[in-house]
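Welcome! Here is a short briefing to read alongside the structure.

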Amino acid sequence: MLDLPSLEEVEAARTPAGGWKRDQLAAWGVPWPPPKGWKDELAERWKAARPAGPPAPPPTPADFAQDTLDFG
């Protein structure tokens, strides 16, 4: 599975010359040479991979019907 970066991570990966390295783009699934609109496409894939809304709270013991299984 590809490790999709956020827009901040994409911008942080720029070289001092202002571009991106081929191997970095490949790690994100972007072909070489990068096609027009690749950053927008990457941002859409990153957003689609994230669930909407805040994360669910961790379960509490009250969330379970019973603490142990009784097969007796």
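Which residues form one aromatic cluster? Trp20, Trp28 and Trp38 do. This is a predicted model, in which local features need pLDDT of at least 70, side-chain atom pairs count only at pLDDT 80 or more, and totals for chains, interfaces and linings use all residues. Residues are numbered from 1 along each chain as its sequence is written, and side-chain values use heavy atoms, leaving out hydrogens and water.

**Confidence**
- The chain has an average pLDDT (the predictor's confidence in each residue, from 0 to 100) of 82, and 74% of the residues score at least 70.
- Among the helices (DSSP runs of H or I, at least four residues, numbered from the N terminus), H2 (residues 22-27) has the highest confidence at 93, while H3 (residues 38-48) has the lowest at a mean of 90.

**The aromatic pairs**
- There are two aromatic pairs here; rings of Phe, Tyr and Trp (its six-membered ring) pair if their centres lie within 6.5 Å, with planes under 30 degrees apart counting as stacked, over 60 as edge-to-face and the rest as tilted.
- Tryptophan 28 and tryptophan 38 are stacked, because their ring centres are 6.5 Å apart and their planes are at 20°.
- Tryptophan 28 lies in the loop between H2 and H3, so its pair with tryptophan 38 in helix H3 ties together parts ten residues apart in sequence.

**Burial**
- Tryptophan 20 is buried (under 20% relative accessible area; exposed is over 50%, partly exposed in between, with a 1.4 Å probe and protein chains only), at 15%.
- Tryptophan 38 is buried at 12% relative accessibility, and tryptophan 28 is buried too.

Methods
Helices (H or I, at least four residues) and strands (E, at least two) are DSSP runs, numbered from the N terminus.
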